Amino acid sequence: MLNGLWLGFFIVAAVSALAQWLIGGNAGIFAAMVESIFAMAKLSVEVMVLLFGTLTLWLGFLRIAEKAGIVEWLARALGPLFLRLMPEVPPGHPAIGLITLNFAANGLGLDNAATPIGLKAMKALQELNPSDTIASNAQILFLVLNASSLTLLPVTIFMYRAQQGAPDPTLVFLPILLATSCSTIVGFLAVAFMQRLRVWDPVVLAYLIPGALALGGFMALLGTMSATALAGLSSILGNLTLFGLIMLFLLIGAMRKVKVYEAFVEGAKEGFDVAKNLLPYLVAMLCAVGVLRASGALDFGLDGIRHLVEWAGWDTRFVDALPTAMVKPFSGSAARAMLIETMKTSGVDSFPALVAATIQGSTETTFYVLAVYFGAVGIQRARHAVGCALLAELAGVLGAIGVCYWFFG
């Protein structure tokens with residue numbers, strides 16, 4: 001899938017460049033494309049330097065949280081809920097702890113670190129699956145919730161914005177929180193409908209109703225604020241939550257007699273290993289996207305969409321963020337490249353860049369997650385997983401666009 005997508009970028013770019021040369025007489029198009037390849041290769045290394053630090057930092061703190069028992073406590077706290085939503089998983093099964101840890105990594109925005117944990121969780125669920133090739137209900141629910149990408153603290157998005165010179169990297173904190181809530185809620189309800197889960201079970205309601213009321217009340221409060229006040233609140237909450245979480249991990253770790261420095265270094269080493277494997281993918285995708293933009297093919301496609309949006313009488317500012325949304329279901333690295341390219345081309349705090357960052361933080365690589373997670377355990381029939389995951393992805397994209405118009409419009 002990624003092979004075809006990556007090759008397709010270059011083929012489309014080549015066709016577009018030939019058309020501009022032979023029909024438009026633009027002989028300099030090939031020089032621009034070659035220059036873009038080298039510029040994007042340089043940008044990949046610059047982004048990678050900061051990515052090394054970010055993943056190393058947060059996996060270090062996550063290891064402290066593990067050793068302090070925070071993850072285990074979360075698993076126990078969520079146990080009654082999982083017992084209703086995944087009745088085929090016995091209480092206390094290792095899969096529950098792994099699922100909780102995977103959600104924690106996703107919540108911190110550590111999508112690259114969450115993947116190996118998620119694979120362990122999927123293998124643990126496969127041990128309970130009576131079929132070798134057909135996805136179980138528990139596996140589908142886990143995959144869709146994973147694909148909906150509930151991101152409470154999108155630190156990698158903050159990192160990309162910081163690398164591109166954003167004066168306030170956490171400006172998109174609240175928009176991402178609201179948009180990712182949309183995708184997760186829609187994904188969960190879609191699976192609940194297909195699997196006829198007992199959503200009205202008193203225990204399930206005891207978990208869901210307080211969260212829904214808190215989210216609804218929070219959105220009602222936000223509705224009373226101006227766009228300027230919303231942006232300011234997003235910045236304050238983003239930075240406060242970020243630092244507050246660090247202090248929580250450290251203080252609980254110290255109270256539990258965890259050697260926090262040694263635990264941090266142990267986790268940070270794992271973060272370094274995860275990060276160093278990402279550079280080839282980042283170079284590959286950023287160079288492909290750069291060539292696509294330099295050839296004029298990307299602008300041509302966006303202009304077509306923009307004309308349709310204008311014909312419908314809608315605002316067109318979100319159109320430049322659509323490349324991130326269109327490739328996100330297939331490839332996280334391609335979407336990351338599209339986001340960085342949008343920030344570089346339009347400006348890091350431009351409306352398209354803010355929408356693209358929100359989309360990147362609130363949706364997941366649906367087909368990639370399906371291929372990797374189910375492929376790792378030999379699942380061949382995904383049943384309703386694809387439809388539910390894509391519905392969640394669509395809700396995340398539409399939510400991101402709507403929320404950004406609310407906050408930054």
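Is Asp201 buried or exposed? At 7% relative accessibility, Asp201 counts as buried, since the cut-off for that class is under 20%. The structure on screen is a predicted model.

**Stop 1: Asp201 and its arginines**

Select Asp201 together with Arg84 and show the side chains. The two meet in a salt bridge, with 3.7 Å from N to O. Arg84 belongs to helix α3 (residues 70-85), while Asp201 sits in the loop between α8 (173-195) and α9 (202-222), so the pair ties together parts that are 117 residues apart in sequence. Arg84 counts as partly exposed, because its relative accessibility is 31%.

Arg198 is exposed, with a relative accessible area of 59%.

**Stop 2: other salt bridges**

The whole structure holds 8 salt bridges. For another of them, select Arg306 and Asp303, whose closest N and O atoms are 2.7 Å apart. Both residues lie in helix α13 (residues 297-311), 3 residues apart, which is about one turn of the helix. Arg306 counts as buried at 17% relative accessibility, whereas Asp303 is partly exposed at 37%.

Then select Arg63, Lys67 and Glu266. These residues are linked in a network of salt bridges.

**Stop 3: the nonpolar cores**

Select Phe9 and Tyr160. They have the most contacts inside the largest nonpolar core, which has 72 residues. Helix α2 (residues 29-67) gives the most to this core, with 9 residues. Colour α2 to see where it runs.

Which residues is Phe9 in contact with, leaving aside its neighbours within four places in sequence? They are Met285, Ala288, Val289, Leu292, Val327, Ala334 and Met338. Show these side chains around Phe9.

A second, separate core has 39 residues, including Ala95, Val144, Ala147 and Ala385. In soluble globular proteins, nonpolar side chains tend to be buried together.

**Stop 4: helix α6**

Select residues 137-148, the extent of helix α6. Its 12 residues reach 16 Å from the first C-alpha to the last, close to the 16 Å expected at 1.5 Å a residue. Of these 12 residues, 11 are buried, so the helix is largely enclosed by the rest of the structure. Among the buried residues of α6 are Gln139, Asn146 and Ser148, along with Ile140, Leu141, Phe142 and Leu143. Val144 and Ala147 are buried in α6 as well, and both belong to the second core.

**Stop 5: a nonpolar patch on the surface**

Switch to a surface view and select Leu18, Trp21, Leu22, Ile23 and Phe30. Together they form a nonpolar patch on the surface, with about 550 Å² of accessible area. Helix α1 (residues 2-22) supplies the largest share of the patch, 3 residues. Leu18 lies in this helix and counts as partly exposed, because its relative accessibility is 39%.

Note on methods
Residues numbered from 1 in each chain as written. Predicted model: local features only at pLDDT ≥ 70, side-chain atom pairs only at ≥ 80, totals over all residues. Heavy atoms only, no water. Patch = residues over 30% accessible without salt bridge, like charges linked within 9 Å, V, L, I, M, F, W, Y side chains within 5 Å. Areas by Shrake-Rupley, 256 points an atom, 1.4 Å probe, with all protein chains shown as cover. Salt bridge = Lys/Arg side-chain N within 4 Å of Asp/Glu carboxyl O. Helix = DSSP H or I, 4+ residues; strand = E, 2+ residues; numbered from the N terminus. Buried < 20%, exposed > 50% of the residue type's maximum accessible area, 1.4 Å probe, protein only. Core = buried A, V, L, I, M, F, W, Y, C linked by side-chain atoms within 4.5 Å. Contact = heavy atoms within 4.5 Å. Expected span 1.5 Å × (residues − 1).
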